[in-house]
Amino acid sequence: FFCPAKREEVLLRLRTLYEDTSFRDRYEACDQRMEDNGQRIVLLRRYARERLYELYVKRNQRLGKDPPVPFNESLADRWKQEVDGIDRAMVSEALETSVDEHISDSGWMPIYEGGFDALDVLTRTRSLGATFDGLEDTPLLTSWHDGLDRHEADVEAQVDAGRAPHRVAGYCFDALETLNEKTIDLPDSVLWREFGDGALRPLDPYTSIIWPYDITEFNRQMEGKFIGVGIMISESEIGDIKVVYPLEGKPAYQSGVLPEDIILEVDGESTAGWTIQDAVHHITGPRYTN
């Protein structure tokens, strides 16, 4: 696995070597492969946490490090909560808003390309076969990829021909639904979650869809009436809530919290199976409350 800092270092070296030469395509190809691999790790963390845990166990063995703590079984099906309530209409509306209001004014085609690319990466991530049976069926998977390429070409041709955007969108979404049903049969909520996330990726690093699973915490943060205990936290590779660092002078720092500490309980409640959103929700609150 590449950490983000290592990835940027490798790309900087490649850019230095190839950017102004006839070999720039090598840099671009490596950049794309590393981006796809980073996305595969995101997918494993969402849909196949147990498989990702096994990979980290093997990595630790290879590096001579102690094995991670045992896998938390409550994380295995967490993805079902994360995609619950996502449907085609939600994604269609979000993408239409992005095209109309994004400052780049780059139109629909980058949106479609990003969505198709995301579905391609999703369905080429072999470790997800344990979660989605259709990815284990080679003939169906081949039909899916052939159809995906064909539909992307059709969408591009319709955009180039100046067909009305709502008609192109209708064709694109209908074609994806039909192809999925006839081949790998992913849950609809997964299909649209990954297409939607991928579609916005080409616009900029910050534009994203706030999904139903995240909306409560998003609204809570927008109210601006909540404070925390002064720590930066992250979710470790195996699902633990980990302290990145405490802010000097804040309650957590004064209580002796240290970087790399694992938060096992909050107010007597186990953090097993929590995401970052869960941790933030439980640790923050109105001023002068516990």
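In this predicted model, glutamate 260 is exposed, with a relative accessible area of 52%, and this residue lies in the loop between α11 (251-254) and β3 (265-266). Although glutamate 260 is not a glycine, its phi is positive, at about 80 degrees. Most residues other than glycine have a negative phi. A second residue of this kind is aspartate 267, which has a positive phi of about 55 degrees without being a glycine; aspartate 267 is found in the loop between β3 and β4 (269-270) and counts as exposed at 70% relative accessibility.

Which residues does phenylalanine 195 contact, leaving aside its neighbours within four places in sequence? Phenylalanine 195 is in contact with Val91, Leu95, Tyr112, Gly115, Phe116, Leu119, Cys172, Phe173 and Leu176.

A search of the whole structure finds 8 aromatic pairs, and two of them are set out in the table.

| Pair | Distance of ring centres | Angle of planes | Arrangement |
|---|---|---|---|
| Tyrosine 47 and phenylalanine 132 | 5.4 Å | 65 degrees | edge-to-face |
| Phenylalanine 116 and phenylalanine 195 | 6.0 Å | 90 degrees | edge-to-face |

Tyrosine 47 lies in helix α2 and phenylalanine 132 in the loop between α6 and α7, so their pair ties together parts that are 85 residues apart in sequence. Tyrosine 47 is buried, with a relative accessible area of 1%, and phenylalanine 132 is buried as well, at 5%. The other pair also links distant parts of the chain, for phenylalanine 116 is in helix α6 and phenylalanine 195 in helix α9, 79 residues apart; both of these residues are buried.

Finally, the packing of two helices can be described. The axes of α5 and α8 come within 12 Å and cross at roughly 145 degrees, and the crossing is right-handed. Here Arg88, Ser92 and Leu95 in α5 meet Gly170, Phe173, Asp174 and Glu177 in α8, and the residues of this contact divide into 2 nonpolar, 2 polar and 3 charged.

Notes. Residues numbered from 1 in each chain as written. Predicted model: local features only at pLDDT ≥ 70, side-chain atom pairs only at ≥ 80, totals over all residues. Heavy atoms only, no water. Contact = heavy atoms within 4.5 Å. Axes fitted to C-alpha atoms, helices over the stretch in contact; angles between N-to-C directions. Helix = DSSP H or I, 4+ residues; strand = E, 2+ residues; numbered from the N terminus. Left-handed = near helix turned anticlockwise from the far one by under 90°. Nonpolar A, V, L, I, M, F, W, Y, C, P; charged D, E, K, R; others polar. Buried < 20%, exposed > 50% of the residue type's maximum accessible area, 1.4 Å probe, protein only. Phe/Tyr/Trp six-rings, centres within 6.5 Å; stacked < 30°, edge-to-face > 60°.
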